[in-house]
Amino acid sequence: MSEAETLSAELTEAFIRLITKHTGLKIREREREILSQKIFLRMKALKILYPEIYYKVLASSTIYSYVEWQKFIAILTNTESYFFRDKEQFNLLRNHIIPEIIKRQYHSKTIRICSAGCSTGEEPYSLAILLKELIPNLEEWNLMILGLDINKEALKKAKQGIYTSWSLRSLDLRTIQQYFLKLNNRYYLDEQIKQMVKFQYTNLVTDLFIHPYSDFRDIDLILCRNVFIYLEPTVIAKIVEKFYYSLQPLGFLITGHTELCGQKLINFQTKLFPESLVYIKNR
């Protein structure tokens, strides 16, 4: 079966509903042809001749289905990222948000930060670099930086901490020399920075966050940027509610600049800085 073949309108809709239910991803009209190509790509890998059979594989509740979803998600999701992406928001974090958290937590010396939709790790590692530069007595603090993502292939790369120059394109030479070792045109992240971040496979749509053994609790700051642009509004609302219960009172939520437009955020204060909107959990 050729990858150029297309799905029937009815089966396309069925796949879209299944994908949205499982991942929350929104498939736009212009993306349907690409979706069809990706489906046929996975069918070819599995030697499945008919898309109806592949649909049944994804829709089933089996180990085989679970494993295939990981492969399918890896080609469905966008893993584009780089260090200190959106310099304005990171300036806000450096100059206002993280210093405020440090001040609040000075006595407990405990800070808990989450990068939701962390992809290949550039964002949580950027947060780790910030914390190292802002806290002189870092060894006295109990820090947790948690990177969450639905793409297991991306998480595997994140844990390795090995990058190309493309991921470092917004960094100045001093930062690169201080935190990376260059070997054979690859940049190996400093081991101390790597050890500051914990990565975890998480489906923001279907997973329950609040349970006694969850790391995703009492969070001071959640970054969830360039994630909601791919999700349905009803799905976004459910995830924001989960974030609310995971945050400390007065905890911070930062998203992409307009990603929560149209959402009812009754449990959050909205504070406008020159660099970005910030959402603050009510007491």
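1. First, the ground rules. This is a predicted model, so local features need pLDDT of at least 70 and side-chain atom pairs count only at pLDDT 80 or more, while totals for chains, interfaces and linings use all residues. Residues are numbered from 1 along each chain as its sequence is written, and side-chain values use heavy atoms, with hydrogens and water left out.

2. Overall build: the chain has 10 helices and 10 strands, taken as DSSP runs (H or I, at least four residues, for helices; E, at least two, for strands) and numbered from the N terminus. The C-alpha atoms fill a box of roughly 60 × 50 × 35 Å along the principal axes. For 283 residues, a compact globule would have a radius of gyration near 19 Å, and the chain's 20 Å agrees with that; the radius is taken over C-alpha atoms, and the rule is 2.2 Å times the number of residues to the power 0.38.

3. Of the contacts with a separation of 6 or more, 76% are between residues 24 or more positions apart; a contact means heavy atoms within 4.5 Å.

4. Pairing here requires at least two DSSP bridges between the strands.

5. How many bridges join strand 4 to strand 5? There are 4, and the two strands run antiparallel. F180 stands opposite L189 of strand 5. The hairpin has 2 residues between these strands, and N184 takes a positive phi near 50° there. On the strand 3 side, strand 5 (residues 186-189) pairs over 2 bridges, and Y188 is the bridge partner of I162.

6. Which residues form the nonpolar surface patch? I162, L181, L183 and Y188 do, with about 340 Å² of accessible area together. Patch members have over 30% relative accessible area and no salt bridge; nonpolar side chains (Val, Leu, Ile, Met, Phe, Trp, Tyr) are joined within 5 Å, like charges within 9 Å. A salt bridge is a side-chain nitrogen of Lys or Arg within 4 Å of a carboxyl oxygen of Asp or Glu. L183 sits in strand 4 (residues 180-183) and counts as partly exposed because its relative accessibility is 43%.

How values were computed: Accessible areas come from the Shrake-Rupley method with a 1.4 Å probe; for residues, only the protein chains shown count as cover. Buried means under 20% relative accessible area, exposed over 50%, partly exposed in between (1.4 Å probe, protein chains only).
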